[in-house]
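Visitor: I would like to learn how to read this model, one feature at a time. Please give the general idea where there is one, and then the case.

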Amino acid sequence: MPRPSYRALLRDIISARMIVAALMGFASGLPLLITLTLLQAWLTENHLSLDAIGLFALITLPYSFEFVAGPFIDRYTPPWLGRRRGWLLAVQLLLAGAIAGLGLTNPHKDLMLVAVVALLVALFSAIQDTVINAYRRESLADDEQGLGASMYIWGYRIGMLVASGGGLIMADYIGFRATFAILGLFMLPGILTTLFAPEPNAQAAPPPSLREAVVGPFVEFFTQRRNVVLILLFIVLYKLGDTLALTMTTPFYLQLGFSTAQIGAVVKLFGFWAVVLGGVLGGMAIMRIGQYRALWWFGLLQALSTAGFAWLVHTGPSISWLAVVIAAENFTGGMGTAAFVGFMANLTNREFTATQYALLASLMSVPRTFLASSTGFMATALGWTWFFIVCALLAIPGLLLLTRFRGWLRDAPPASVTPSSGQVRQ
């Protein structure tokens, strides 16, 4: 099968379906760093210990249980906008309210209330991710999943930059409470996209019963694929080191001596353009070189960018080196995630899109939820240099496991390959 030309790829990137994928990615990426980077900075300024800040990573627990909501999303259709957009509109409105609600809490007076509201943000965000992933899988053809994932991650990383870079800059001038309220309004682009985007045409009929919606996706997934245990282990391991490192970057920057405004400015200026460039080049590369090579090279590059944080320990609060490290992380991390998301999308069956993708996404979030809660203790015990080096080395097991999938991944750049048959699926 001939590889697509760069002109054809550029035309695909600016298509309506890809723009919708990018806008939905923005709505997905915004809440994540509100509950990680921005909340960490708020707690750090309120003089919580590294151990306590690390434990706050447990509020992202809902991301590890996305599959619980999947059967309900697959089985039931709201009375407005259709099965996918109806669920999406409802949860986005709740999410916008929860983000703004964080600004009404106070870490000094009631830390538990802060945790509860942040947990609601994570819960609504996880449900939103489940619906968006199902929407993208059903609205794009199999041979568009890689590029669609890249555009989704492009928007996702922009949302993360708005929450982290833009949020930190705003917090430095207007305080964290007003910042959370404004970020709640930033859900508006996602809400408008939900209202005006078409409902996917490629949806399978809803499962006939809730029992079938719960049991069917698991039976199909575990019986129709070879090496399913290795596939699930790979999903846990592939971005392990990158995820653990990201959990502690904000306290790391602040302890080095950077202000929240400096961090925000560098993230917004250099991180933004790294995301733009990485998203476009990453999407093209996935279509040109195939899933296997993209997963391998992007995974290696994101490990090297993780190791770059250790260099900042020796440079101290240097704005120029901070820009280099943040740009590298945004560029390589975005490409790695795009290849990874495309890989997971092509593992799902359209009949059970929401539940199966949610299961895979839940496994992907295990490091961020359970293992990330120990990163404060790791950083305290190892010191910042060795903490980031260890995080970089944690990429090796996932890359070694990837070689086991070489046979059914390497020869299908523009289309998806299912490990159950080894054949290209159009």
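Guide: Start with one residue and its neighbours. Leaving aside residues up to four places away in sequence, Thr337 touches Ile153, Lys239, Gln302 and Met364. Bear in mind that the model is predicted.

Visitor: In which helix does Thr337 lie, and is Thr337 buried or exposed?

Guide: Thr337 lies in helix α15. Its relative accessible area is 10%, and buried means under 20%, so Thr337 is buried.

Visitor: How far apart are the C-alpha atoms of Thr337 and Gln302?

Guide: They are separated by 9.4 Å, for two residues 35 apart along the chain.

Visitor: What does Asn330 touch?

Guide: Asn330 is also found in helix α15. Not counting residues up to four places away in sequence, Asn330 touches Arg157, Leu161, Gly271, Ala274 and Val275. The relative accessibility of Asn330 is 7%, which counts as buried.

Visitor: Which backbone oxygen does the side chain of Asn330 reach?

Guide: That of Ile326, at 2.8 Å.

Visitor: How should I read aromatic pairs?

Guide: Two quantities describe a pair of aromatic rings: the distance of the centres and the angle of the planes. In this model the count comes to 17 aromatic pairs. Take Tyr238 and Phe340: the ring centres are 5.0 Å apart and the planes stand at 45 degrees, so this pair is tilted.

Visitor: Are Tyr238 and Phe340 buried or exposed?

Guide: Both Tyr238 and Phe340 are buried. Compare the description of another pair, Trp384 and Phe387, which is edge-to-face, with 6.0 Å from centre to centre and 80 degrees between the planes.

Visitor: Why are Trp384 and Phe387 separated by about one helical turn?

Guide: Because they are three residues apart in helix α19, which spans residues 384-393. Trp384 has a relative accessible area of 15% and is buried. Phe387 is buried as well, at 0% relative accessibility.

Visitor: Which residues do ring pairs link into a cluster?

Guide: The cluster consists of Phe252, Tyr253, Phe309, Trp384, Phe387 and Phe388. A ring can also have a charged group over its face, as in this case: Arg136 lies over the face of Tyr152, 4.4 Å from the ring centre.

Visitor: Which residues of helix α9 are buried?

Guide: In α9, residues 188-196, the buried set includes Gly190, Ile191, Thr193 and Thr194. Seen down the axis of α9, the buried residues fall within an arc of 160 degrees, so they line one face of the helix. Their cover includes α2 and α5.

Visitor: And which residues are buried in helix α18?

Guide: Thr375, Gly376 and Ala379 are the buried residues of α18, which covers residues 375-382. Their arc about the axis of α18 is 105 degrees, so they too line one face of the helix. On the other side of α18, Thr380 and Ala381 are exposed. After α18 comes Gly383, with a positive phi near 85 degrees.

Visitor: How many helices and strands does the chain have?

Guide: There are 21 helices and two strands. Of the 426 residues in the chain, 61% are buried. Among contacts between residues at least 6 apart in sequence, 85% join residues at least 24 apart.

Visitor: What is the mean pLDDT of the chain, and where is the pLDDT below 50?

Guide: The mean pLDDT is 79, and 87% of the residues reach 70 or more. Residues 411-426 have pLDDT below 50; beyond near neighbours in sequence, this stretch has 41 contacts in the model.

Methods
Residues are numbered from 1 along each chain as its sequence is written. Side-chain values use heavy atoms; hydrogens and water are left out. Rings of Phe, Tyr and Trp (its six-membered ring) pair if their centres lie within 6.5 Å; planes under 30 degrees apart count as stacked, over 60 as edge-to-face and the rest as tilted. Buried means under 20% relative accessible area, exposed over 50%, partly exposed in between (1.4 Å probe, protein chains only). Helices (H or I, at least four residues) and strands (E, at least two) are DSSP runs, numbered from the N terminus. A charge sits over a ring if NZ of Lys or CZ of Arg is within 6 Å of the ring centre and within 35 degrees of the ring normal. A polar contact is a pair of N or O atoms within 3.5 Å; within protein, one must be able to donate a hydrogen and the other to accept it, and residues adjacent in sequence count only if both atoms are side-chain atoms. Contact means heavy atoms within 4.5 Å. The arc is that of the directions from the helix axis to the C-beta atoms. pLDDT is the predictor's confidence in each residue, from 0 to 100.
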